[in-house]
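The following note concerns the ligand site and one further residue of the model. Please read the points alongside the coordinates.

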Amino acid sequence: MSDPKIIVALDYPDASSALQLADQLDPQRARAKVGKELFTRSGPDVVKALVSRGFDVFLDLKYHDIPHTVARACAAAADLGVWMMNVHTLGGSAMMQAARDAIGDADDAPLLIGVTLLTSMDQATFDQIGLSGTMTDTVVRLAGMAKDSGLDGVVCSAQEASALKQALGHNFQLITPGIRPAGSDRGDQHRTMTPKEALSAGSDYLVIGRPITAAADPMQALLDIEASLT
Ligand code: C5P
């Protein structure tokens, strides 16, 4: 069975644009991420349409609520047949454990991933919220909490991947956005890594949006990125 490392971020405002792009990709070579805009506009139908086309879907809704509510949302996401979903680690251990309990840990259960600190958070916002310690220590601490609560991994910056792998072990999955193939437009991403650098640093899955979705030939862009990994 193929095990694609690339998760294509389908950041579109409507299902038909997202599916039009997905139809240009081979689900054996890429997985698909559905985020808040697409889901809020198109709902579960777009997820079901991707699953029925053979895509592993990462439902990136970053749940953060009381444990019971998050557990029910995670169970609903699992019922859609998603491959991966995520919750905010700042919701705490009880919330993360409730999410885990709701979807179980069978081999075919979806992967449950935590979001630590958003990479958009700067020091001023961190201080304003009132968290103590450094941002790096906080990311490692929250990722450790996620692991202890039964999560399968965290979303993180590729810059944090090697420290997190060292602290949390090989089996704890690291999902990294902010990936830019050499020479491509960074857009609004700041601290980027190339796909190959990110995998060497310890990333397990690369979330890549515009370098593929905005390419004239998205499948070719995907194949070029695959080729750059070897
Ligand atoms: O187009 P691009 O490759 O920048 O898309 C990256 C994707 O990863 C987007 O869907 C973005 O919301 C998401 N993401 C991110 N940084 C995070 C978490 C998620 O860029 N820290």
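1. The shell around the ligand comprises 5 nonpolar, 3 polar and 4 charged residues; Ala, Val, Leu, Ile, Met, Phe, Trp, Tyr, Cys and Pro count as nonpolar, Asp, Glu, Lys and Arg as charged, and the others, Gly among them, as polar. Its members are A9, D11, K33, T119, P177, R180, Q189, V207, I208, G209, R210 and P211, where a residue is near a molecule if one of its heavy atoms lies within 4 Å of it.

2. This is a predicted model, in which local features need pLDDT of at least 70 and side-chain atom pairs count only at pLDDT 80 or more, whereas totals for chains, interfaces and linings use all residues. Residues are numbered from 1 along each chain as its sequence is written, and side-chain values use heavy atoms, with hydrogens and water left out.

3. Strand β8 (205–208) and helix α10 (210–213) each contribute at least two residues to this shell; helices (H or I, at least four residues) and strands (E, at least two) are DSSP runs, numbered from the N terminus.

4. A nitrogen atom of the ligand lies 2.5 Å from a polar side-chain atom of T119. Oxygen atoms of the ligand are involved with Q189, at 2.8 Å from an N or O atom of its side chain, and with R210, at 2.7 Å from a polar side-chain atom. Of the 470 Å² of accessible area that the ligand has on its own, the protein covers 81% (Shrake-Rupley method, 1.4 Å probe).

5. Elsewhere, L59 belongs to strand β3 (residues 57–63). L59 is buried, at 2% relative accessible area (buried means under 20%). Its C-alpha atom is 13 Å from that of S42, 17 residues away along the chain.

Terms used:
Polar contact = N/O pair within 3.5 Å; in protein donor to acceptor, adjacent residues only side chain to side chain. Buried < 20%, exposed > 50% of the residue type's maximum accessible area, 1.4 Å probe, protein only.
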